[in-house]
Amino acid sequence: FNAIGFDQMCAGQWNGYIQVDVFGGTPPYVLNMSGAQFQSITLTTTTGYFQNLCGGVYQISGYDNNGCQFTLPAITIGTTSTFSSSASVTQHAYGNCDGIVDASPCGGVGPYSFEWYDCISGTLIGNTQQMTNLCAGSYYAISIDHGFGNCIDTTDCINVLDSASNC
């Protein structure tokens, strides 16, 4: 028996997995995984997968159709990419719709895509890294790292405010 761990592709997403390859014994094989999560699978072939795993340490044991038992060394599933984004705002002049918001990805590998939404209505207002000509309001960005695992991060709402009146 052999097992290989594959790390989560994005922080916070349960998409790590462990591939188990069976050599010898008599199928079917019953495999149990314990640790950060528990799963059990029955294999009729020589390769199986424990899927949708979060980061953590896992132990795999099992037996074949003849009752022969095995235990594999502990396997660690980690997170390979830390990806986050932040948003900044440039205030606009009083009464003008000339506010600017900008999303800044941090980490990941790119390329990135962006979606901007109105915090109140939830309406999509654009899909560029920087949005311009915004009226006073509250906005947030969803940033997606397409280079590795389509990691997604959502910023907090940021406010574009009217500057003080020049009265």
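In this predicted model, three strands make up an open sheet, ordered β1-β2-β5, with antiparallel pairing. Strands β1 (2-6) and β5 (47-53) are the edge strands, and each of them pairs on one side only. On average, neighbouring strands of the sheet are turned by 15 degrees against each other, direction ignored. Strands of a sheet pair through backbone hydrogen bonds, either parallel or antiparallel. Here, β1 and β2 are joined by five bridges in the antiparallel sense. Ala3 takes part in this pairing, and its bridge partner in β2 is Val20.

Strand β2 covers residues 16-21 and includes Asp21. Asp21 has a relative accessibility of 13%, which is under the 20% limit, so this residue counts as buried. The side chain of Asp21 also makes a polar contact, at 3.1 Å, with the side chain of Gln19. Leaving aside residues up to four places away in sequence, Asp21 touches Phe1, Asn2, Thr46 and Thr47.

Aromatic rings form a further set of links. The structure holds five aromatic pairs. One of them joins Phe1 and Tyr29 in an edge-to-face arrangement. Their ring centres are 5.9 Å apart, and the planes stand at 90 degrees. Phe1 belongs to the segment before β1, while Tyr29 is in strand β3 (residues 29-35), so the pair ties together parts that are 28 residues apart in sequence. The two partners are described by separate accessibility classes. Phe1 is partly exposed, at 30% relative accessible area. Tyr29 counts as buried, at 4% relative accessibility. Phe1 and Tyr29 also belong to one aromatic cluster with Phe70.

Another pair is formed by Phe6 and Tyr17. The ring centres lie 4.4 Å apart and the planes meet at 15 degrees; this pair is therefore stacked. Phe6 counts as partly exposed, with 28% relative accessibility. Tyr17 is likewise partly exposed, at 29%.

Methods
Residues are numbered from 1 along each chain as its sequence is written. This is a predicted model: local features need pLDDT of at least 70, side-chain atom pairs count only at pLDDT 80 or more; totals for chains, interfaces and linings use all residues. Side-chain values use heavy atoms; hydrogens and water are left out. Helices (H or I, at least four residues) and strands (E, at least two) are DSSP runs, numbered from the N terminus. Buried means under 20% relative accessible area, exposed over 50%, partly exposed in between (1.4 Å probe, protein chains only). A polar contact is a pair of N or O atoms within 3.5 Å; within protein, one must be able to donate a hydrogen and the other to accept it, and residues adjacent in sequence count only if both atoms are side-chain atoms. Contact means heavy atoms within 4.5 Å. Two strands pair if DSSP finds at least two bridges between them. Axes are lines fitted to C-alpha atoms, for helices over the stretch in contact, and angles run from 0 to 180 degrees between N-to-C directions. Rings of Phe, Tyr and Trp (its six-membered ring) pair if their centres lie within 6.5 Å; planes under 30 degrees apart count as stacked, over 60 as edge-to-face and the rest as tilted.
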